[in-house]
Amino acid sequence: MSNAMTVGNVIPRADIVRHAVRLGAEVKNIRLSDDLSDEVIAAINRLLLEHKVIFFRDQGHLDDAQQRRFAVRLGSLIPHPAMVDEKDGSTIREAPSDRACRHVDKISIDDDFRAGGPKISVLRGAAIPPFGGDIVWSNTAAAYLDLPDPLRMFADNLWAVHEAAFDCTVRAGATQANKKRMNDVAAGTIYETTQPVVRVHPETGERMLSLSHSVKNFVGLQRYPSQKLFELLQSYLTAPENTVCWNWKSGDVVIWDNRATDCYPVNKAGVHYRGMGRLTVDGGLPPVKKLKSRADQAA
């Protein structure tokens, strides 16, 4: 029995609509909340494993607290190293550029430099700008299978050095505790880790091509050949048949499996405020490694 049929049995009115050939499905006629039954939460997880990213319209009843309570049903929440919420650090609130932490390096929106990445992300669109801010998700398992045999065998033994620097501007009126958290976690810090390019999904057993724009170079290769190899491998992740893009509306919620997808913004929201709260579910992974601060570099 397919996952979609299982969800349909658990949630009788639910309707599953595929949105791309290899990933992405919209789940209709369901109201997300923390009081969903364990069977429904399990069905959502199974659907996520099948489709990698799932979309929900008309969830305007959720506020930050309600979104957090729902996300906790999927697992323990973790803070993101780039941006933190004033209350508990678990929610990312995207904001205008004059008060937002920003990545100096161009990286995937879910890079957090853990071995394998977080488990699940839950993104809620509370206020959508009139244009810009689109996000694309890639099926990393399908991309891996598309690799020609010689390139796939090479990728199986390839490791990448990931590095990113973060700068942060804390808005006026931020609490001292939040300012300290920003400085400790993100501001002026360089993060680095070495990770395999191909990983095995812990639940599905799929082999996945794991890249992001934080790749500095591949182990054993210099910058220029690393760049060319990165562009070649990335072309399989960004192939149209391996991607899906969602047409955002206010009140939408998107949940995706970070272990099986790569996601990145395809354009910027400009000066318009994009009120989107993002929560990340822990996958039981090693902590982020802080390589050095800018002060260390200057010394």
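Residues are numbered from 1 along each chain as its sequence is written. Because the model is predicted, local features need pLDDT of at least 70 and side-chain atom pairs count only at pLDDT 80 or more, while totals for chains, interfaces and linings use all residues; side-chain values use heavy atoms, with hydrogens and water left out.

**Exercise 1. Overall make-up**

State how many helices and strands the protein has, and what percentage of its residues is buried.

Solution. Helices (H or I, at least four residues) and strands (E, at least two) are DSSP runs, numbered from the N terminus. The protein has eight helices and 18 strands. Buried means under 20% relative accessible area, exposed over 50%, and partly exposed in between, with a 1.4 Å probe and protein chains only. Of the 299 residues, 51% are buried.

**Exercise 2. Helix α7**

Find the span of helix α7 and explain how its buried residues are arranged.

Solution. Step one: α7 covers residues 223-237, which is 15 residues. The expected span is 1.5 Å times one less than the number of residues. From first C-alpha to last, α7 reaches 21 Å, close to the 21 Å expected. Step two: the buried residues of α7 are S226, L229, F230, L233, Q234, Y236 and L237. Step three: seen down the axis, these buried residues fall within an arc of 140° (taken from the directions from the helix axis to the C-beta atoms), so they line one face of α7.

**Exercise 3. Pairing of strands**

State the sense in which β1 and β2 pair, and the sense in which β2 and β3 run.

Solution. Two strands pair if DSSP finds at least two bridges between them. Strand β1 (residues 15-18) pairs with strand β2 (residues 25-28) in the antiparallel sense over four bridges. In this pair, I16 stands opposite V27. Six residues lie between the strands of this hairpin, and G24 takes a positive phi near 95°. Strands β2 and β3 run parallel and are joined by two bridges; here E26 stands opposite F55.

**Exercise 4. Strand β16**

Explain why β16 is described as largely enclosed, and name its antiparallel partner.

Solution. Four of the five residues of β16 (residues 261-265) are buried, so the strand is largely enclosed by the rest of the structure. Its partner is β8 (residues 135-139), which pairs with β16 in the antiparallel sense over five bridges. N139 stands opposite T261 in β16.

**Exercise 5. Cysteines**

Count the disulfides and classify C245 and C263.

Solution. A disulfide is a pair of cysteine sulfur atoms within 2.5 Å. By this rule the count is zero. C245 has a relative accessible area of 40%, so C245 is partly exposed. C263 has 2%, so C263 is buried.
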